[in-house]
Amino acid sequence: MVQISTESASEIGAPTGPRLLDRLTLEARRRRLSIRTERAYRAWARRYILFHGKRHPAELGAEAVSAFLTALAVDLGVAAATQNQALAALLFLYREVLGIDLGPLPDATRASRPKRLPVVLSRDEARQLVARFAGVERLVVLLLYGGGLRLLEVLRLRVKDLDFDRHEITVRSGKGDRDRRTMFPAMAAFELRPHLEAVQRLHQADLAGGLGRVELPGALGRKLPKAAQEWAWQWVFPSTKFALDPRSGEPRRHHLYPERVQRAVSRAARSAGIAKRVTCHTLRHSFATHLLEAGYDIRTVQELLGHRQVSTTMIYTHVLNKGGLGVRSPLDLP
């Protein structure tokens, strides 16, 4: 079995080490990739270099890339999405950083993409789960289930994205870098008002201390230098602590870290005695299924979820209480 090392970048010798990876980082920032994508691409480039005995990627080629992708699928059993991310990272490394066109890649063993049905809570289970939360985690969960948002979509909400009058939430740069609008549940809006008042007081205290600047998307930081301090641009769910921005080096409040909410959801599911694997995304699945059960049009649900194609939304018709075709079991027939 091939072992794929994950040792630190400091252990990769020149010239295959930090200098090349730093070039990758600079190119990612020049192209305005997200910080998560930048870090993922850097990590995959490091693993690829170590897999081939610390040889410089310029000395390798398409066959080396295929060998690495095959090892991921065969030896590590990664998911198809993980293998695709690794491929995207290596193509970026070769094309954008090294200026090398790999041409057609030899056939690599592809990770399987099994069709899985989503885990969905019943409405009673969803109510029990939500009842287990308090504080900021409760507010996040209300938006996950009540608005059908992904976890990072909730955590990246800014004050200006909440429209209390129109009962709408605007999701900026969602999956596929697309904006969309979804519903703003009345219960969530009611409980968010005092939370936002507390966040605004915190922001004013930060400003008084010479801080309070938030990260802005794209080039807005240069175009609107004062916007970073404005209330409208602040995170709805800011962190309780300051951290150095990895790009600017400024001390800032990031939004809440996803791991905090993920752990809270797992604890709540155990506490509620729900015998299912419940994650934050389970609440999004439940949102879609419960709307379809209530009789809402699948196209409407598609728009709320931000799916490109209705076929993606169709998976929720297979987990409805009456089955995807509304068929009743012979045992339940009169």
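**A helix crossing and two residues**

In α6, the residues V136, E137, V140 and V141 meet R260, V261, A264 and V265 of α10. By class, that contact has six nonpolar residues, two charged ones and no polar ones. Keep in mind that this is a predicted model.

On the geometry of the pair: helix α6 covers residues 135-147 and helix α10 covers residues 258-271, and their axes come within 10 Å. The crossing angle is roughly 85°. Angles of 65 to 115 degrees count as roughly perpendicular, and α6 and α10 are therefore roughly perpendicular to each other.

Next, H307. You will find H307 in the loop between α12, residues 298-305, and α13, residues 310-313. Is H307 buried or exposed? Its relative accessible area is 12%, so H307 is buried, the cut-off for buried being under 20%. Setting aside neighbours within four places in sequence, H307 is in contact with R178, R284, Q302, T312, T313 and Y316. With one of these, T313, there is a side-chain to side-chain polar contact of 2.8 Å.

Last, R181, which sits in strand β3, residues 180-183. R181 has a relative accessible area of 53% and is exposed. Which residues does R181 contact, leaving aside its neighbours within four places in sequence? They are E168, I169, T170, E303 and L304. The side chains of R181 and E168 make a polar contact at 3.5 Å. As for L304, R181 is 123 residues away from it in sequence, while their C-alpha atoms are 6.7 Å apart in space.

Note on methods:
Residues are numbered from 1 along each chain as its sequence is written. This is a predicted model: local features need pLDDT of at least 70, side-chain atom pairs count only at pLDDT 80 or more; totals for chains, interfaces and linings use all residues. Side-chain values use heavy atoms; hydrogens and water are left out. Axes are lines fitted to C-alpha atoms, for helices over the stretch in contact, and angles run from 0 to 180 degrees between N-to-C directions. Helices (H or I, at least four residues) and strands (E, at least two) are DSSP runs, numbered from the N terminus. Angles under 35 degrees count as roughly parallel, over 145 as roughly antiparallel, 65 to 115 as roughly perpendicular and the rest as oblique. Contact means heavy atoms within 4.5 Å. Ala, Val, Leu, Ile, Met, Phe, Trp, Tyr, Cys and Pro count as nonpolar, Asp, Glu, Lys and Arg as charged, and the others, Gly among them, as polar. Buried means under 20% relative accessible area, exposed over 50%, partly exposed in between (1.4 Å probe, protein chains only). A polar contact is a pair of N or O atoms within 3.5 Å; within protein, one must be able to donate a hydrogen and the other to accept it, and residues adjacent in sequence count only if both atoms are side-chain atoms.
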